[in-house]
Amino acid sequence: DRPPMYGAMIFRAHVTLPPGQEEFLRRVRLVGNFNITEARFSRAHTQHNVDKLSERARKKKQEQSNSADPEPVVSDLKSNVIIRDGIALLSNASFRVPGAVVRSEGSYDLTNQVINLHGTLAMQASLSKAVGGFKSIFLIPLDPLFRKKYAGAVVPVRMTGTYSHPVFRVSLTGRK
């Protein structure tokens with residue numbers, strides 16, 4: 001399999017592998033952090049979605065682009081990680097693209113690839129501008145509720161599902 005993304009990576013960790021009969025992923029213990037800079041996703045569909053997120057977050061429309069085939073957006077991804085009993089606990093995680101940053105925490109089960117991350121998405125654009133189109137009219141009254149200092153909108157988000165089928169949602173209920 002090809003990696004999900006390409007980019008320069010810095011990875012620091014302390015790894016312990018206690019003896020035992022359990023499978024490797026359940027025995028390994030790791031405490032560390034990583035940073036992937038100037039990353040591009042290997043799946044075209046995923047990279048397209050990241051490009052669209054950046055475009056909407058910056059209030060930039062595709063037709064405003066100077067090029068018919070714009071350069072893919074690069075991303076930065078970093079987090080602290082603790083792995084124990086087959087579960088990776090992520091803290092101080094951030095995913096940054098031009099115009100937006102997601103800050104999150106949560107877990108990733110290494111054995112069954114289940115994702116459970118929650119956090120916030122901060123965008124340069126207001127909520128109504130990011131959504132655009134006819135729906136944006138209904139969101140204009142909500143813009144002041146999501147506007148924060150230094151951001152056009154900050155909304156709670158969740159990422160659940162599995163590695164092969166992630167589900168991204170705006171989560172107005174927070175961490176529940």
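**Note on the predicted model**

1. Start at one residue. Asp109 has its place in strand β5. This is a predicted model, and the points below move from that residue to the helices and then to the whole protein.

2. Asp109 has a relative accessible area of 14%. Buried means under 20%, so Asp109 counts as buried. Leaving aside neighbours within four places in sequence, Asp109 is in contact with Gly86, Ile87 and Val114. Ala44 is another matter. It sits 65 residues from Asp109 along the chain, and the two C-alpha atoms are separated by 25 Å.

3. Take Ile87 next, one of the contacts of Asp109. Ile87 lies in strand β4. Its relative accessibility is 27%, so Ile87 counts as partly exposed. Beyond four places in sequence, Ile87 touches Ile82, Ser107, Tyr108 and Asp109. Gly20 is 67 residues from Ile87 in sequence; in space the two are 17 Å apart, C-alpha to C-alpha.

4. Now helix α2, residues 44-57. Just after α2, Lys59 takes a positive phi of about 65°.

5. Which residues of α2 are buried? They are Gln47, Val50, Asp51, Ser54, Glu55 and Ala57. Strand β4 is where Ile87 lies, and strand β5 is where Asp109 lies.

6. How many salt bridges does a search of the whole structure find? The search finds one. The side chains of Glu55 and Lys52 meet in a salt bridge, at 3.6 Å from N to O. Both residues lie in helix α2. They are three residues apart, about one turn of the helix.

7. The partners in that bridge can be set side by side. Glu55 has a relative accessible area of 11%, so Glu55 is buried. Lys52 has 31%, so Lys52 is partly exposed.

8. A look at another helix. Ser136 lies in helix α4, residues 136-139. Its relative accessible area is 14%, so Ser136 is buried. Not counting residues up to four places away in sequence, Ser136 touches Ser128 and Val131.

9. Now the overall fold. The protein has five helices and eight strands. Along the sequence they follow the pattern β-α-β-α-β-β-β-β-α-α-α-β-β. The C-alpha atoms fill a box of roughly 60 × 40 × 25 Å, taken along the principal axes.

10. Consider contacts with a separation of 6 or more: residues 24 or more positions apart account for 51% of them. Of the 176 residues, buried ones make up 35%.

11. Last, surface and charge. The protein exposes about 11700 Å². Carbon and sulfur atoms supply 57% of that area. There are 26 positive and 14 negative charges, and their mean positions are 8 Å apart.

Key: Residues numbered from 1 in each chain as written. Predicted model: local features only at pLDDT ≥ 70, side-chain atom pairs only at ≥ 80, totals over all residues. Heavy atoms only, no water. Helix = DSSP H or I, 4+ residues; strand = E, 2+ residues; numbered from the N terminus. Buried < 20%, exposed > 50% of the residue type's maximum accessible area, 1.4 Å probe, protein only. Contact = heavy atoms within 4.5 Å. Areas by Shrake-Rupley, 256 points an atom, 1.4 Å probe, with all protein chains shown as cover. Lys, Arg positive; Asp, Glu negative; His and termini not counted. Charge placed at Lys NZ, Arg CZ, Asp CG, Glu CD. Expected span 1.5 Å × (residues − 1). Salt bridge = Lys/Arg side-chain N within 4 Å of Asp/Glu carboxyl O.
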